[in-house]
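Subject: A structure to look at

Hello,

Here is the structure I promised to pass on to you. Please have a look at it first, and then read my notes below.

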Amino acid sequence: MKVGDLVKFVGVANYYKNSVGIITKIYSTHGIKKNGQLHSNSAIVYMSDRPEGRSLQQGSTPCFHPLGLTELEVIS
């Protein structure tokens, strides 16, 4: 997966069922390195059909959701 990919949610959270979005950022939550490279395991996904956002920070930007890469599937 990379920034700009169109993805659909394939995880178990009912809130995101049938949601589609675009990856805007990929990052690592644990700082784990593989072969000297930081291993990314999470993404910020823009989902226009989910305007409330799920960020734990106050004042977070609407429509942007932090999700695990294992919860997403590339569709384009």
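**What I found**

Phe-9 has Leu-72 as its bridge partner in β7.

Before that, a word on where the values come from. The model is a predicted one, so please keep in mind that local features need pLDDT of at least 70 and side-chain atom pairs count only at pLDDT 80 or more, while totals for chains, interfaces and linings use all residues. Residues are numbered from 1 along each chain as its sequence is written, and side-chain values use heavy atoms, with hydrogens and water left out.

**The strands and the sheet**

The chain has 0 helices and 7 strands (both are DSSP runs numbered from the N terminus: helices are H or I with at least four residues, strands are E with at least two). Along the sequence this reads as β-β-β-β-β-β-β.

- β6 and β5 run antiparallel and are joined by 5 bridges; Ile-44 has Pro-66 as its bridge partner in β6.
- β5 (residues 42-46) and β2 are also antiparallel, with 5 bridges between them. Ile-22 stands opposite Tyr-46 in β5, and the bridge partner of Ile-26 in β5 is Ala-43.
- β2 (residues 20-27) and β1 (residues 6-9) pair in the antiparallel sense over 3 bridges, and Val-7 has Gly-21 as its bridge partner in β2.
- β1 and β7 pair in the antiparallel sense over 3 bridges, which brings us back to Phe-9 and Leu-72.

**The inside**

Of the 76 residues in the chain, 28% count as buried (buried means under 20% relative accessible area, exposed over 50%, and partly exposed in between, with a 1.4 Å probe and protein chains only). Which residues make up the largest nonpolar core? There are 10 in all: Val-7, Phe-9, Tyr-16, Ile-23, Ala-43, Val-45, Met-47, Leu-67, Leu-69 and Leu-72 (such a core is a set of buried Ala, Val, Leu, Ile, Met, Phe, Trp, Tyr and Cys residues joined through side-chain atoms within 4.5 Å). β1 and β5 each supply at least two residues of this core.

Leu-67 lies in strand β6 and counts as buried because its relative accessibility is 2%. Leu-67 and Ile-44 are 23 residues apart in sequence, yet 6.3 Å apart in space, C-alpha to C-alpha.

For the chain as a whole, 43% of the contacts between residues at least 6 apart in sequence join residues at least 24 apart (contact means heavy atoms within 4.5 Å).

**The outside and the charged pairs**

The chain exposes about 5,100 Å², and carbon and sulfur atoms supply 53% of that area (Shrake-Rupley method with a 1.4 Å probe; for residues, only the protein chains shown count as cover).

There are 2 salt bridges (a side-chain nitrogen of Lys or Arg within 4 Å of a carboxyl oxygen of Asp or Glu). In one, the side chains of Lys-8 and Glu-73 meet at 3.6 Å, N to O. This pair links distant parts of the chain, with Lys-8 in strand β1 and Glu-73 in strand β7, 65 residues apart. Lys-8 is partly exposed at 32% relative accessible area, and Glu-73 is partly exposed at 38%.

Lys-2 and Asp-5 also form a salt bridge, at 3.1 Å, N to O. Lys-2 counts as exposed at 53% relative accessibility, whereas Asp-5 counts as buried at 8%.

Last, find Asn-18 in the loop between β1 and β2. Asn-18 has a positive phi of about 65 degrees although it is not a glycine, and it is exposed, with a relative accessible area of 73%.

Best wishes

Terms used:
Two strands pair if DSSP finds at least two bridges between them.
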